[in-house]
Amino acid sequence: MANELSVAVLGPGGVGGLLAALLSRTGHRVICLSGEKTAEALRTDGIRVRSARFGDFTARVEADTELREPVDACLVTVKHTALDAALARVPAPVLSDGLVVPFLNGVEHPAALRARYRPDRVAPAVIRVESTRVAPGVVEHGSPFAEIDLTGTDVPRPRLDALADAFAAAGPATRVLEDETAALWAKMSFLAPFALLTTRYGLPLGDVRTRHRDELTALVEETAAISRACGGPADPAQALARYDAFPPSTKSSMQRDAEAGRPLELDAIGGALLRAAERHGIPAPVAARVVDEVHPFA
Ligand SMILES: NC(=O)c1ccc[n+]([C@@H]2O[C@H](COP(=O)([O-])OP(=O)(O)OC[C@H]3O[C@@H](n4cnc5c(N)ncnc54)[C@H](OP(=O)(O)O)[C@@H]3O)[C@@H](O)[C@H]2O)c1
């Protein structure tokens with residue numbers, strides 16, 4: 001194909017495995033980076049995807065434990081709790097001019113990546129999807145949607161456009177957004193109250209939004225004020241309306257992680273929210289209490 005890209009995927013799990021398989025299926029070269037066991041499973045069996053939206057298919061990918069040659073882009077799709085250890089697999093001199101495209105939830109990781117890689121090659125992305133790695137190399141994409149917002153304040157626009165075109169051709173609806181801060185905080189503003197309260201109470205969204213409505217409203221308002229102070233969007237009424245539109249059984253991934261005894265991305269979401277509040281002098285008593293109450297699950 002004319003515009004074939006070479007793409008590394010650091011952490012081929014729910015998000016990374018889905019993107020790796022979709023990109024490979026459309027003809028791009030994909031190198032997944034993981035621990036040896038997962039790499040071996042991927043080399044042998046490829047990535048098997050089950051998706052009502054994109055079909056059930058198996059995609060061949062290359063797999064290694066570290067990046068050994070330059071690529072056009074390295075998607076970073078580990079959880080925040082594994083980020084530092086995982087980045088050791090992507091030496092900056094090897095990646096060189098390649099884009100670094102993190103899909104993590106949260107707002108603080110782009111700065112950490114810019115300290116480690118070329119700052120003008122870090123292109124943070126936000127993804128709206130529900131995708132689960134059920135075994136190494138086996139991914140279930142459960143949501144009827146998969147949408148990507150790609151940003152990167154100082155990244156040359158043609159580089160962003162080329163990658164966005166590759167994503168869009170592979171399946172996920174993809175936009176390039178000018179305002180990185182707004183994109184990251186839009187996701188954070190929606191995610192933080194939802195993740196924190198569903199995890200705190202061990203209840204799905206339907207119960208949180210009815211039985212803990214006042215607390216949800218207060219947390220959404222605090223989060224919106226923090227987002228506004230950081231240069232992000234602030235529309236608490238819209239956030240509440242979005243929660244109300246979700247099926248009552250909806251769970252957050254933080255809640256699923258707590259149920260499964262996995263480490264939580266609490267610091268990247270709740271911790272980052274409180275640090276931003278502190279930095280801007282925004283009172284956040286409800287957020288502070290709920291983050292405290294979630295700590296024992298982390
Ligand atoms: N899943 C979703 O639907 C979704 C939606 C929106 C945003 N997000 C965000 O996307 C990020 C990734 O989430 P996820 O759900 O895709 O996570 P995940 O399914 O747990 O996948 C993470 C992957 O990272 C790998 N990994 C862990 N430590 C590693 C290391 N040191 N080196 C290399 N690979 C390592 C794991 O390998 P093994 O397979 O070997 O365990 C796993 O494949 C998170 O920040 C999450 O909040 C997720």
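**Exercise 1. Determine in which hand α7 passes α9 in this predicted model, and how the two helices are oriented.**

Step 1. The crossing of α7 over α9 is right-handed.

Step 2. For α7 (residues 180-201) and α9 (residues 213-230), the angle is about 155 degrees and the axes lie 10 Å apart.

Step 3. Angles over 145 degrees count as roughly antiparallel. The helices α7 and α9 are therefore roughly antiparallel to each other.

**Exercise 2. Which residues in α7 meet which residues in α9, and how many of them are nonpolar, polar and charged?**

Step 1. On the α7 side, the contact is made by T181, W185, M188, S189, P193, L196, L197 and Y201. Facing them in α9 are E215, L216, L219, V220, T223, I226, S227 and C230.

Step 2. Sorted by class, this contact of α7 with α9 holds 11 nonpolar, four polar and one charged residues.

**Exercise 3. Describe the contact between domain 1 and domain 2.**

Step 1. Take the bounds from the domain assignment: domain 1 covers 6-178 and domain 2 covers 182-297.

Step 2. Taken over C-alpha atoms, the centres of domain 1 and domain 2 are 25 Å apart. Domain 1 gives 15 residues to the contact and domain 2 gives 16 residues.

Step 3. The area buried between domain 1 and domain 2 is about 1500 Å², with 61% of it on carbon and sulfur atoms.

Step 4. Within domain 1, the residues that lose the most area to domain 2 are N105, V107 and E108. Together these account for 38% of what the domain 1 side buries.

Technical notes. Residues are numbered from 1 along each chain as its sequence is written. This is a predicted model: local features need pLDDT of at least 70, side-chain atom pairs count only at pLDDT 80 or more; totals for chains, interfaces and linings use all residues. Side-chain values use heavy atoms; hydrogens and water are left out. Axes are lines fitted to C-alpha atoms, for helices over the stretch in contact, and angles run from 0 to 180 degrees between N-to-C directions. Helices (H or I, at least four residues) and strands (E, at least two) are DSSP runs, numbered from the N terminus. Angles under 35 degrees count as roughly parallel, over 145 as roughly antiparallel, 65 to 115 as roughly perpendicular and the rest as oblique. A crossing is left-handed if the near helix is turned anticlockwise from the far one by less than a right angle, and right-handed if clockwise. Contact means heavy atoms within 4.5 Å. Ala, Val, Leu, Ile, Met, Phe, Trp, Tyr, Cys and Pro count as nonpolar, Asp, Glu, Lys and Arg as charged, and the others, Gly among them, as polar. Domain bounds come from an automatic or database domain assignment. Buried area is the accessible area (1.4 Å probe) that two parts lose on being put together, summed over both.
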